[in-house]
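The sequence and the structure come before the details.

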Amino acid sequence: MTLKGKTAVVTGSNSGIGLGVARELAKAGADVVLNSFTDRDEDHALAAQISDEFSVSARYIKADMSKGTDCRALIEQAGSCDILVNNAGIQHVAPIDQFPLDKWDAIIAINLSSAFHTTAAALPLMRAAGWGRVVNIASAHGLTASPYKSAYVAAKHGIVGMTKTVALETAEEPITANAICPGYVLTPLVEAQIPDTMEKYNMGREEVIKKVMLERQPSREFATVEQLGGTAVFLCSDAAAQITGTTISVDGGWTAL
Ligand code: NAD
């Protein structure tokens with residue numbers, strides 16, 4: 001399958017899942033726009049590397065997904081947006097009665113409201129192009145909960161709900177909206193937690209991964225950013241044209257429990 005001629009905007013894509021999804025979309029031929037809130041040489045270098053490796057156009061655009069105006073400006077600067085991947089996200093863990101208000105606001109803004117703004121800005125471009133795909137990176141926490149993650153779980157359930165609404169509003173058009181719900185994925189964010197956890201539980205790396213981190217993931221394997229990228233590419237394919245308003249779990253069986 002080829003996505004040649006399509007432009008994909010992936011929010012929060014200078015690391016982890018967003019970068020993995022952008023790379024798989026580029027591998028399938030799409031031009032890509034990378035994004036985060038920084039503006040470092042290495043951010044632009046990531047785009048240059050994708051461009052060289054996959055012979056596509058790749059740009060990096062700085063925009064802070066905690067700000068509605070930046071979210072809309074990202075789509076405006078991209079100029080076209082056939083594929084919108086709402087991926088930017090952060091996490092904070094605390095009991096609800098001790099949950100810092102600024103963390104609650106930031107998680108709701110970055111993990112949920114950003115997708116409202118980017119989708120609102122991108123849909124007119126998709127309609128003008130006569131084709132569009134909205135792919136929201138939700139989470140197993142969009143379908144189920146864990147203690148101490150009130151803001152994250154609320155935002156991820158929220159984005160699953162918004163995905164359904166966007167799908168209904170575009171149902172008679174050649175546009176689809178779906179959410180991918182990953183379980184644990186070995187991104188730099190998760191990798192960084194392994195040494196501390198090894199120390200805390202006095203366990204080796206493999207034991208920490210299987211017994212602590214992947215305790216809720218029946219496969220006892222991390223999902224990979226390539227698998228998530230491949231799922232996004234599938235959602236952009238003709239085979240997925242009638243898949244809209246739903247979730248695809250990539251969670252090693254977590255939500256089957
Ligand atoms: P990550 O920290 O590697 O990536 C997060 C990305 O979001 C980074 O590129 C970061 O720069 C960007 N970002 C953060 N704040 C931003 C802001 N204000 N404006 C623009 N960009 C911003 O983490 P990840 O694990 O790759 O997470 C990506 C998405 O996948 C998130 O939405 C996360 O909730 C979701 N997810 C991750 C996992 C996992 O196990 N890693 C599981 C389920 C869902």
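## The second largest pocket

By class, eight nonpolar, three polar and four charged residues make up the lining of the second largest pocket. Here Ala, Val, Leu, Ile, Met, Phe, Trp, Tyr, Cys and Pro count as nonpolar, Asp, Glu, Lys and Arg as charged, and the others, including Gly, as polar. The model is a predicted one, in which local features need pLDDT of at least 70 and side-chain atom pairs count only at pLDDT 80 or more, while totals for chains, interfaces and linings use all residues. Residues are numbered from 1 along each chain as its sequence is written, and side-chain values use heavy atoms, without hydrogens and water.

The second largest pocket holds about 460 Å³ of space. A pocket is an open set of points on a 1 Å grid over the protein atoms alone, where a 1.4 Å probe fits, with protein on both sides within 12 Å along at least five of seven lines; lining residues have an atom within 4 Å of a point. Volume is the space filled by probe spheres set on the points, which are joined across faces, edges and corners. Of the 15 lining residues, Lys149, Tyr184, Tyr201, Val212 and Met213 lie nearest the centre of this pocket. Helix 7 (194-201) and helix 8 (205-213) each give two or more residues to its lining, and helix 7 gives the most, with three. Helices (H or I, at least four residues) and strands (E, at least two) are DSSP runs numbered from the N terminus.

## The largest pocket

The largest pocket has a volume of about 1100 Å³. It is lined by 39 residues, and Gly89, Ile90, Tyr152, Thr187 and Leu189 are the closest to its centre. The lining comprises 18 nonpolar, 18 polar and three charged residues.

Elements that each supply at least two lining residues include strand 2 (31-36) and helix 4 (101-129). Helix 6 gives the most to this lining, with three residues. Domain 1 (7-185 + 223-256) and domain 2 (186-220) each provide at least three residues of the lining; the domain bounds come from an automatic or database assignment.

## Cysteines

The structure holds zero disulfides, a disulfide being a pair of cysteine sulfur atoms within 2.5 Å. Cysteine 71 is in no disulfide, and its nearest cysteine sulfur, in cysteine 81, is 12 Å away. Cysteine 71 is buried, at 0% relative accessible area; buried means under 20% (1.4 Å probe, protein chains only).

The sulfur of cysteine 81 is too far for a bond with the closest cysteine sulfur, that of cysteine 236, because the two are 10 Å apart. Cysteine 81 also counts as buried, at 1% relative accessibility.

Note on methods:
Buried < 20%, exposed > 50% of the residue type's maximum accessible area, 1.4 Å probe, protein only.
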